[in-house]
Amino acid sequence: MLRNLTINIVASLALAAAATAALAHAQLQQAVPAVGGTVTASPREIRLKFSEGLEPRFSGIALSTQAGEPVKIGKPAVDPADNSTFIAPISQPLKPGAYTVTWHAVSVDTHKTQGSFTFTLAP
Amino acid sequence: MSLKMTSALVGAIGAVTAIFPLTPAFAHAVCGSRIFPATLAIDDPGVSDELALPTLTYIPVNSDGVREFDASFSYTKTIVENLGLSVTYGKTWLNAGGSGWGNLDTELKYMFFCDEPHEFMASVGLDATWANTGTAGFSDPFNTFTPVIDIGKGFGDLPTSLNILRPFALTAEFSLSVPSAGHTSSIVTDASGNPSLSVALNPTVFNWGFTAQYSLPYMNANISEVGGPDFLRHMVAITEFAFQTPVGNVPPGGQITTGTIQPGVIYMADTWQIALEALIPINAASGHNVGAVAELHFFLDDIFPDSIGKPLFGGRS
């Protein structure tokens with residue numbers, strides 16, 4: 001009986017976990033420019049793909065140079081077709097060098113995550 | 001919490017022959033960019049709504065000819081944010097030796113510190129194992145109270161010149177298990193049927209250990225993209241080191257540190273994780289063969305964020 005109860009609980013939780021896979025901590029899955037990558041042309045946007053949908057009012061992206069100087073970028077917004085993709089436009093061409101992208105995200109179920117990564121713009 | 005059973009076993013009346021504790025489950029923790037996974041032997045410093053069901057432990061035939069299998073569950077409920085109460089209960093099967101439940105274990109835990117930029121966090125707790133809530137012969141007739149401190153440190157704050165080390169993290173746990181009774185008396189009968197009084201000391205035990213983790217999810221999000229199949233981006237390589245040292249009320253010859261080294265892997269999905277580790281005894285007093293432990297763990301705060309997965313009072317900030 002205990003074994004059956006355990007199996008039933010685990011099965012129910014597994015179903016619940018599968019059904020609510022869009023409710024969890026938003027973890028960065030992919031970025032353009034790539035995390036730790038090198039690009040040869042100045043990117044026109046920063047595009048971050050997360051594991052969960054974001055609440056854009058409480059999420060953000062910042063860009064800075066290797067020296068820590070902030071770089072002005074546009075206001076980030078979620079992709080209208082995919083609320084787990086967060087995009088910040090870059091209106092001015094970047095100079096060659098290393099840059100740091102810092103992000104914070106609040107998923108649609110209000111869990112918070114944050115992170116940062118670098119990319120390099122080759123001359 | 002994982003180590004609290006050890007004092008019971010060290011001072012036990014001898015019915016349970018294995019030295020490995022039942023392995024309860026522990027919470028995952030988030031501090032800054034770091035997500036510390038739930039670990040099996042050493043508690044992480046986080047507090048959240050979670051359920052480990054089941055945790056399965058197998059210990060092959062020991063020198064005394066006994067094979068052991070344990071199954072347990074652990075449920076953690078947050079009362080207010082960063083303060084939680086966990087309940088752990090489990091059963092042991094011995095071949096030969098029968099089966100029975102261990103004592104009920106509870107822990108009140110508070111995460112009091114998180115330095116996000118440095119991925120450093122700490123918590124304190126009070127664990128209690130309650131007498132006579134298990135099966136006679138598989139549980140102790142006394143309570144055990146264990147103050148606990150847990151810490152975690154991610155190395156994502158290292159300079160980018162050390163990128164290869166930034167996915168690395170350490171967690172550590174220190175606790176002191178104090179039995180409510182200094183000794184346990186029992187009547188034993190020899191082969192001739194003559195009864196005699198047996199008195200076993202219940203020692204105070206210092207539990208200590210740490211985990212070393214290397215997180216590919218952290219690498220993928222913060223350092224460089226992890227290529228290959230998607231499952232790699234969910235893997236954390238881990239080795240846990242869990243030790244128990246009797247420090248007080250120790251019977252003659254009993255002052256020896258026991259423990260296990262537990263290399264393994266953890267797969268972290270969005271709302272659950274599964275972990276598998278080997279159990280390698282550090283010396284003959286800790287065992288003679290390599291066992292295994294596995295655990296399925298559900299993040300209830302992610303699965304049910306608006307109901308049973310949120311704190312009873314105050315919500316999440």
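Guide: One term before the fold: helices (H or I, at least four residues) and strands (E, at least two) are DSSP runs, numbered from the N terminus. Also, this is a predicted model.

Visitor: Fine. What pattern does chain A follow along the sequence?
Guide: Chain A reads α-β-β-β-β-β-β-β-β-β. That is one helix and nine strands.

Visitor: How much of chain A counts as buried?
Guide: 27% of its 123 residues.

Visitor: And what share of the contacts in chain A is between residues 24 or more positions apart?
Guide: 64%, taking the contacts with a separation of 6 or more.

Visitor: Sheets next. What is the strand order in the open sheet of chain A?
Guide: S2-S9-S8-S4-S5, five strands with mixed pairing. In general, strands of a sheet pair through backbone hydrogen bonds, either parallel or antiparallel.

Visitor: Which are the edge strands?
Guide: Strand S2 (38-39) and strand S5 (70-71) of chain A. Each pairs on one side only.

Visitor: Do S2(A) and S9(A) run parallel or antiparallel?
Guide: Parallel, joined by two bridges. A:Val39 stands opposite A:Leu121 of S9(A).

Visitor: Now the inside. Which residues have the most contacts within the largest nonpolar core?
Guide: A:Leu48, A:Phe50, A:Ile61 and A:Val101. The core has 21 residues.

Visitor: Which elements give two or more residues to this core?
Guide: From chain A, strands S1 (28-32), S3 (45-50), S4 (60-65), S8 (97-106) and S9. Helix H2 (216-222) of chain B is on the list as well. S8(A) gives the largest share, four residues.

Visitor: Zoom in on A:Leu48. What does it touch?
Guide: Leaving out residues up to four places away in sequence, A:Leu48 touches A:Leu28, A:Ala31, A:Ile61, A:Thr85, A:Phe86 and A:Trp103.

Visitor: Back to the two chains. How many residues does each give to the contact?
Guide: Chain A gives 27 residues and chain B gives 24.

Visitor: Which elements of chain A give two or more residues to its side?
Guide: Helix H1 (2-19) and strand S9 (112-121).

Visitor: How does that side of chain A divide into nonpolar, polar and charged?
Guide: 12 nonpolar, 13 polar and two charged.

Visitor: Why does A:Thr110 count as partly exposed?
Guide: Because A:Thr110 has 15 C-beta neighbours inside 10 Å. Buried needs 20 or more, exposed 12 or fewer.

Visitor: B:Glu119 next. Where does it lie?
Guide: In the loop between strand S7 (105-115) and strand S8 (120-129) of chain B. B:Glu119 has a positive phi too, about 50°.

Visitor: How many other C-beta atoms lie within 10 Å of B:Glu119?
Guide: 23, so B:Glu119 is buried.

How values were computed:
Residues are numbered from 1 along each chain as its sequence is written. Chains are lettered from A and ligands numbered from 1 in the order in which they are written. This is a predicted model: local features need pLDDT of at least 70, side-chain atom pairs count only at pLDDT 80 or more; totals for chains, interfaces and linings use all residues. Two residues are in contact if their C-beta atoms, placed from the backbone, lie within 7 Å. Ala, Val, Leu, Ile, Met, Phe, Trp, Tyr, Cys and Pro count as nonpolar, Asp, Glu, Lys and Arg as charged, and the others, Gly among them, as polar. Two strands pair if DSSP finds at least two bridges between them. A nonpolar core is a set of buried Ala, Val, Leu, Ile, Met, Phe, Trp, Tyr and Cys residues joined through C-beta atoms within 7 Å.
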